[in-house]
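Here is a quick tour for someone meeting this model for the first time. Have a look at the sequence and the 3D view, then read on.

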Amino acid sequence: MPYDPANSEPRWQQAWDEAGTFRAVRDERPKYYVLEMFPYPSGRIHMGHVRNYTMGDVVARYKRAQGFSVLHPMGWDAFGMPAENAAMEQGGHPRDWTYANIATMRDQLKPLGLSIDWSREFATCDDGYVAQQQALFLDMLEAGLIYRKAAVVNWDPVDMTVLANEQVIDGKGWRSNAPVERRELTQWFFRISDYADELLTSLDGLDGWPEKVRLMQANWIGRSRGLQFRFDTVNVPDVPQIEVYTTRPDTLLGASFVAISPDHPLARSLEADAGVAAFNAAARKLGTSEEAVETAEKLGLDTGIRVRHPLDPDWQLPVWIANFVLMDYGTGAIFGSPAHDQRDHDFAVKYGLPIRATFGKPGMTKAEADALVAAEPFVPLKSEPVTYVRGFSGEADQTGEAAVAAAIDHAEAAGYGEGVTKYRLRDWGISRQRYWGCPIPVVHCRKCGTVPEAKANLPVLLPRDVTFDVPGNPLDRHPTWRQATCPRCGGEARRETDTMDTFVDSSWYYARFTAPHAQTPTDRADADYWMNVDQYIGGIEHAILHLLYSRFFARAMVRTGHLPEKSAEPFAALFTQGMVTHEIYLTRDDRGRPVYHLPEDVRDGKLADGTPVEVIPSAKMSKSKKNVVDPVNIVQSFGADTARWFMLSDSPPERDVEWTASGAEAAAKFLARVHRLAEETGAEDREDADLTRSAHRAIDEVTRAIEGFAFNKAVAKLYELANAIGRSQASGEPRRAVLRIAAQLLAPMVPHLAEDVWKLSGGTGLAVDAPWPIPDPAALVQDSVTLPIQINGKRRGEITVPAGMAQAEIEQAVLADEAVRRHLNGQAPRKLIVVPGRIVNVVA
RNA sequence: GCCCGAGUGGCGGAAUGGUAGACGCAGCGGAUUCAAAAUCCGCCGCCGCAAGGCAUGUCGGUUCGAGUCCGACCUCGGGUACCA
């Protein structure tokens, strides 16, 4: 019987199903919790999903074979904007669209044969999940973790609606094309910044996380030590002082201007002036994203106001409004030190402000330092020693770090400022003026003010009868939904119409999976047993926001009693996988615009009519570029195992992988070859010690590759094992014994084929239940080693010696080597380096 | 702009500071076949007849020895707080 995945894959899936193989149960085994970031139900699964879930499945099946009780769940990150956009574009209801997508994607996912406990599946828009998330919200509110304050949003003045940053394109609304304004709204916030220091210092303990993610989070939290002080204004009685925060107080004598945010109270108070009003209005049209603000042209406006320098009351500095100073950071005001900051330097040059060096390279005079910074700022590392030419505290020769500390000491002693620690991390605004999200369970009572909904009244569910034919929040204009009863006084109240940021939904789903049907957010016994997630797998794009919010949320859940102490860090290990890419094929129309073509319409770089196509390699798959490969087609034509095998081959998991038709065919060919090998084992029993040794080396190497998340290397080792089996003369039971090892090693990656091979080679029961093999140590020892010989660092020969040969003996053998004698030409070597078991280098 | 990554044959990639190119794809040659597909075997970084030389994005440094460590730069990708 040839390899026939279309027939065998569903059969094995049914066998696992009937045996309840993947149901996660609490028992006496040690537990292992594998979680892949759950998908947004966008419509269809794509190759990125296949790759992500296959990787998780390898880990889950491998750990299961090692005797762990494995929890490997799946769910849906189901609230979010695309459902509302679909309703606006095609009509229909976001709820129907979402659940239909979930049904489609579940049907597409199941044939992949993932070892998922489907009984735990949920969507974040399910009434049960909404109910428990609202209960969590109320507990967090009571614990003082939530508050309201004013914050700015992108406002589309034509559509009269709030826009997400991605809906703002070049400062304009994506539908209306109207210039976006910043508008202040009162919004709900989580006090994540209360945990800034803990979230930062705890990163050190996350050994199972990639260093790059910890670094990104640390930079995001951005702890800084600096000086907070005040400039006294000159003749502005309403605003006697401007509060400033700086991380470089050592450059205070190099200050040449003060810059305030267009949203600074002083800037606002000056808007009676038409010039200021126009400048501020233009600045507010940049939208709210940091990227837009920071990449926009740096512009300033001199207010005419002057402030006194704190170290010299006779020295006055101009106050400018600058479009790059954000009200959200620090105090919304800075002083510019052009000599030692690129942005300030650009600003000073543009507006003709003075550039005075505070320090120069070691030993420089004041004149030399000023010359140094005239054209370019001098910005050395803070740890480098420099010479202060306009210092006022500490030594003249010191590092920036020492100078900053000395400047803070000076300010505190003299009483004009104080050293403070600040964080870049801001509180988490969760209010969304949108329909398709979890309602915030609060009412506004005329008498009692803002009152939390009573837990007995949960869940607060979204009304079904809404339409999306006009922009804006349907909850706001619903005829009855907003009418509520105040839980405190029983009087008339108005329901909160903001819904929660969808990052809230994904900040605790991992905890909910431990008890998805509980009538409380979590079940204590289940959480105690299953938490924490032992291996979390997902895209690097979530390195900061999702993972930081989840780390905060876990702490909030510990504080409100929903998770045990040990769960403050919910993800013990994290792996970030790369994207699946595909070439883009395009031709040009008569006006030079690109016309994209589907991969199946392109053969040998040409269309069917012979037109050659341009090829863009390694591009992120996107529908509009027509370079999407649908996993369903791949599974139908080659089988799930081929899709899985290819997604694990070649590229290391953390890097992008390019989908190619030839790669998929190669994967299919290999799997068919393995199947053939299992069918042709021969009747007569014949041993092959070399093959057995190869099999045990493969156990060792594949095990280590899986442990190290190097699935591409595990694949390479399995190719080698298959090649060894193909070459070997072993037959009968000895050959089948090796094939059973191969089946076990293949099982986490291509589980269906592994079952075929297991059965063909005489395995008992299911391969999925076979314990992970352990290599025979005797098969792993090497009795001789080949050492390359370098002469002056260049490889000139090699020598094979018994393993463990004494160094002196190796040296003798090397000196006797012909190539060495030829190069040494009778001279004694200057140096002879023997790295045991590795290499020999002769320095002539 | 700022933060974080990545860059190695025609292609995907391998390589605790120690033989650069494991394994696979493509290509080339052969076997099998009436023929083809499939399968099996062999070759395969570049230049060179060879000896040898050149090669891990670019330039410089540390080292007996650098793809790996350090510095500067280039290109591409992720994030940038309301995409998920």
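Chain A has 28 helices and 34 strands, where helices (H or I, at least four residues) and strands (E, at least two) are DSSP runs numbered from the N terminus. This is a predicted model, in which local features need pLDDT of at least 70 and side-chain atom pairs count only at pLDDT 80 or more, while totals for chains, interfaces and linings use all residues. Residues are numbered from 1 along each chain as its sequence is written, chains are lettered from A and ligands numbered from 1 in the order in which they are written, and side-chain values use heavy atoms, leaving out hydrogens and water.

Along the principal axes, the C-alpha atoms of chain A fill a box of roughly 105 × 90 × 65 Å. Of the 844 residues in chain A, 54% are buried, meaning under 20% relative accessible area with a 1.4 Å probe, protein chains only.

Sugar and phosphate make up 62% of the RNA strand B atoms that come within 4 Å of the protein. Helix H23 (residues 711-727) gives the largest share of this surface, 6 residues. Sorted by class, the surface has 23 nonpolar, 17 polar and 25 charged residues. Here Ala, Val, Leu, Ile, Met, Phe, Trp, Tyr, Cys and Pro count as nonpolar, Asp, Glu, Lys and Arg as charged, and the others, Gly among them, as polar.

| Protein atom | RNA strand B atom | Distance |
|---|---|---|
| Glutamate 166, backbone N or O | phosphate oxygen | 2.9 Å |
| Arginine 795, side-chain N or O | base oxygen | 2.8 Å |
| Asparagine 841, side-chain N or O | base oxygen | 2.5 Å |

Back in the protein, threonine 497 sits in the loop between strand E23 (492-495) and strand E24 (499-500). Is threonine 497 buried or exposed? With 9% relative accessibility, threonine 497 counts as buried. Its side chain makes a polar contact of 3.1 Å with that of aspartate 476; such a contact is a pair of N or O atoms within 3.5 Å, and within protein one must be able to donate a hydrogen and the other to accept it, with residues adjacent in sequence counting only if both atoms are side-chain atoms.

How values were computed: Near = heavy atom within 4 Å. Buried < 20%, exposed > 50% of the residue type's maximum accessible area, 1.4 Å probe, protein only.
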